[in-house]
Amino acid sequence: MEKIYVLDTNVLLHDPLAIYAFAEHKVVIPMTVLEELDVIKDRRDKDVSREARLAINIIDKMVGDASPKELQSGVPIKQANHAGDDVSDKTTEGSLAVFPDQQITHTDNVPFLNGNHDHANDNRIINVALSLQATSPRAAVCLVTKDINMRIKAKGSGLERVEDYRKDKVLDDVDLMSKGYIQFPNSFWSTVNNVRTESHGLHTIHLIEKSSMPTLYLNMFIIDDEDFVGFVVNIDKDFLYILDINKQSIMHQSFWGIKPRNLEQAMAFYLLRHDNSDLMIMTGPAGSGKTLLALAYGLQVTMEEKRFNKIIVARSTPPMAEDIGFLPGTEEEKMAPWLAAFDDNLEILHGADEHAFSSIDYVKQKANIQFKSLNFMRGRSFNNALIIIDEAQGLTQFQLKSIVTRVGSNSKIIVLGNLAQIDNKYINPLTSGLTYLVEKCKSFKYASVMHVNGIERSRLAEFAEENL
């Protein structure tokens, strides 16, 4: 059976390459979607407008010199190259068509939604799917949209197939996302049948069969209720190599005068210190200490150990900050309201100094801390730098990829985020770029992940996170 997929605007905004995700099937873009993309591409919200422009450019290259008749019936979908911005000559059996939805009129055979109100565009897009369903009885017509209410409306209007865009979902449940450690009740060793233990100087390595624990990755921890802490240092085709770590020793680590308050923070300290790591991802609730740990580590390795020449601190400005360009001052001064959390943490680190404000200003200059907006990081390359990306839960997969690819030689990036605080209406915990980054990088030997779960900000913050 032929399959026809009608795409909503939010699908192309979420993934400008979505056209390529439907293999050999037919993709239909309603004219209303093109009109919405045209409006969005000129917005001052640079992230969304950029993706609208990219989607338009991809459609334009695919359409090429097709005649109006060919465009309405469907032009071949050309496969995207590795970079995703251009197309090659390789084609698939799939096709792309533009549907002139302004020409749809009400008939007895086709259900029709009135378009003369606030949701007119949504109704026009639904009408395209309803029209195709009525006129193509041998085809399976499906509306693809990330708008939950629109999916309900479409079903209620008689559309038989409605789906969310699922290609960007790397998990079925966010609770399945890697935490960077596995916790065993009681004793871990009660679950192991065969083990070989080796001594390498001061280190003890346990070798267990890989087939017995296929979910373990490099740079993951194993903990249990009997205070065993293990760290996966190597994996070959047969065995997992687990470093035996003394729990008390990792609880006494320190960065810039800060010590861990719980085991999750201690494991995060260990991963930050891990020399063979280019990417560190820290997730966790508000108040768990993610930003403080990242900043303390940054000051330690920049000012004391001289491993990096600068600290780049960045986050995406929220939609309400579209007019930030009108604020006076440099880029750093414009970003100050959105990066106040780092100033708060600098106050924690140096608030007890005799001249606190002078100390904070000195640290900012000595560590060469630079505050950047993610909107202006594309196209740059950062060498000899520690890069801290805050509030990454609101970024798409496409945005995070463009940021991670900016990391140059002798640099390290730390990505922070809380999936419970997403304020991007196009993103949920399952489709967040942060979730995508965790799942794609968890098996990369130069990356590490840690979910810092304990809330150490205050007892009120802990109550609010769990109950409000």
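Colleague: What else does strand 9 pair with?

Modeller: Strand 9 is also joined to strand 12, residues 239–245, by five bridges, and these two strands run antiparallel. Within strand 12, Leu240 is the residue that stands opposite Ile208.

Colleague: Back to salt bridges, how many are there by this rule?

Modeller: The count comes to nine salt bridges. One of them is between Arg273 and Glu305, whose side chains meet at 2.9 Å, N to O. Arg273 lies in helix 8 (residues 263–273) while Glu305 lies in the loop between helix 9 (290–304) and strand 14 (310–315), so the pair ties together parts that are 32 residues apart in sequence.

Colleague: How accessible are Arg273 and Glu305?

Modeller: Arg273 is partly exposed, with a relative accessible area of 29%, and Glu305 is partly exposed too, at 31%.

Colleague: Where does Glu439 fall, buried or exposed?

Modeller: Glu439 counts as buried, because its relative accessibility is 12% and the cut-off for buried is under 20%. The side chain of Glu439 meets that of Lys442 in a salt bridge, at 2.7 Å from N to O.

Colleague: Changing topic, what is the strand order in the open sheet of six strands?

Modeller: The order is 15-14-16-17-13-18, and the pairing is parallel. Strand 15 (369–373) and strand 18 (447–451) are the edge strands, each pairing on one side only. On average, neighbouring strands of this sheet are turned by 15 degrees against each other, with direction ignored.

Colleague: How many bridges do strand 14 and strand 16 pair over?

Modeller: Strand 14 and strand 16, the latter made of residues 385–389, pair in the parallel sense over five bridges. Among the residues involved is Ile311, whose bridge partner in strand 16 is Leu386.

Colleague: Which strands does helix 14 lie across?

Modeller: Helix 14 (residues 433–441) lies across strand 13 (279–283), strand 17 (412–417) and strand 18, and it runs at about 130 degrees to strand 13.

Colleague: And which residues have the most contacts inside the largest nonpolar core?

Modeller: They are Phe221, Met282, Leu299, Ile414 and Met450, in a core of 49 residues. Helix 9 gives the largest share of this core, with nine residues. If you click on Leu299, leaving aside residues up to four places away in sequence, you will find that it touches several others, including Trp256, Ile311, Leu346 and Ile369. Apart from this core lies another, of 48 residues, among them Leu13, Tyr20, Ile40 and Val98.

Colleague: What share of the residues counts as buried overall?

Modeller: Of the 468 residues of the protein, 51% count as buried. The protein has 15 helices and 18 strands.

Colleague: Last topic, what pLDDT does the protein average?

Modeller: The average is a pLDDT of 83, and 82% of the residues score at least 70. Over residues 81–91, however, pLDDT stays under 50, and for that stretch the model has 18 contacts beyond four places in sequence. The pLDDT is also below 50 over residues 319–324, a stretch with 10 contacts in the model beyond near neighbours in sequence. Where pLDDT is low, the predicted coordinates should not be read in detail.

Conventions: Residues are numbered from 1 along each chain as its sequence is written. This is a predicted model: local features need pLDDT of at least 70, side-chain atom pairs count only at pLDDT 80 or more; totals for chains, interfaces and linings use all residues. Side-chain values use heavy atoms; hydrogens and water are left out. pLDDT is the predictor's confidence in each residue, from 0 to 100. Contact means heavy atoms within 4.5 Å. A salt bridge is a side-chain nitrogen of Lys or Arg within 4 Å of a carboxyl oxygen of Asp or Glu. Helices (H or I, at least four residues) and strands (E, at least two) are DSSP runs, numbered from the N terminus. Buried means under 20% relative accessible area, exposed over 50%, partly exposed in between (1.4 Å probe, protein chains only). Two strands pair if DSSP finds at least two bridges between them. Axes are lines fitted to C-alpha atoms, for helices over the stretch in contact, and angles run from 0 to 180 degrees between N-to-C directions. A nonpolar core is a set of buried Ala, Val, Leu, Ile, Met, Phe, Trp, Tyr and Cys residues joined through side-chain atoms within 4.5 Å.
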